[in-house]
Amino acid sequence: ERRREYLRVWEQVARVPLFASLGVVTLSEIVGKLRTRYYPARITVVRRGDAGDSMFFISSGEVEVRLPNGGSVRLGEGAFFGEMALLERQPRTASVATTKPTTLLVLYASDFYEIASHIPKLAEAVEVEAKRRREENLER
Ligand code: CMP
């Protein structure tokens, strides 16, 4: 079962652009830390104000991010979310819910910190997007 999950994750990381530039050795380390989770439509995955213990990569489906200012943003296959609470060690900045049946790859905070510390390229890409989102939320 463990092995089957490992192979399943391998198939799904291919759909996440963030992982595309990584070598096989680096990728295999990350794959070992990701878990697949299947959600039906209209399930709240992350709730604003909650403590953040993980981040998520969308391998298929779609989520809606409900921003504090009342706006919303949709994220589809290949995108990630839940990184802001981990980077800033702050509560979740928004609620995030599935809009259709969705497969997510979950990365726990402790694994994220470990990976970020020795794969700077990956950490930086996540930080750049978090910064863009933070600024977008201030502007709206
Ligand atoms: P986090 O704060 O951990 O939980 C809510 C998530 O919503 C947040 O991380 C981001 O991943 C995501 N998010 C917040 N603001 C935006 C935005 N403007 N665009 C896209 N995603 C966002």
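Which residue in β7 is the bridge partner of V46? The partner is V96. The legends below take up that strand and its surroundings. This is a predicted model, in which local features need pLDDT of at least 70, side-chain atom pairs count only at pLDDT 80 or more, and totals for chains, interfaces and linings use all residues. Residues are numbered from 1 along each chain as its sequence is written.

**View 1. Strand β7 pairs with β2 and with β4.** Helices (H or I, at least four residues) and strands (E, at least two) are DSSP runs, numbered from the N terminus. Two strands pair if DSSP finds at least two bridges between them. Strand β2 (residues 44-46) runs antiparallel to β7, with two bridges. Strand β4 (residues 62-66) is also antiparallel to β7, with four bridges. V96 in β7 has V46 as a bridge partner and stands opposite V65.

**View 2. Strand β7 has a covered and an uncovered face.** The strand spans residues 95-98. V96 and T98 make up the covered face. S95 and A97 make up the uncovered one.

**View 3. The ligand sits in a shell of 17 residues.** A residue is near a molecule or strand if its C-beta atom, placed from the backbone, lies within 6 Å of it. F81, M84, A85, T93 and R133 come nearest to the ligand. Two elements, α4 (83-88) and α6 (120-139), each give two or more residues to the shell. By class, the shell holds nine nonpolar, four polar and four charged residues. Here Ala, Val, Leu, Ile, Met, Phe, Trp, Tyr, Cys and Pro count as nonpolar, Asp, Glu, Lys and Arg as charged, and the others, Gly among them, as polar.

**View 4. Helix α6 lies largely in the open.** A residue is buried if 20 or more other C-beta atoms, placed from the backbone, lie within 10 Å of its own, exposed if 12 or fewer, and partly exposed in between. Of the 20 residues of α6, zero are buried, so the helix is largely open. From first C-alpha to last, α6 reaches 28 Å, close to the 28 Å expected at 1.5 Å a residue. The expected span is 1.5 Å times one less than the number of residues.

**View 5. R89 and Q90 lie in the loop between α4 and β7.** R89 is not a glycine, yet its phi is positive, about 50°. R89 counts as exposed because it has 9 C-beta neighbours inside 10 Å. Q90 has 11 such neighbours and so counts as exposed. The C-alpha atoms of Q90 and S21 are 29 Å apart.
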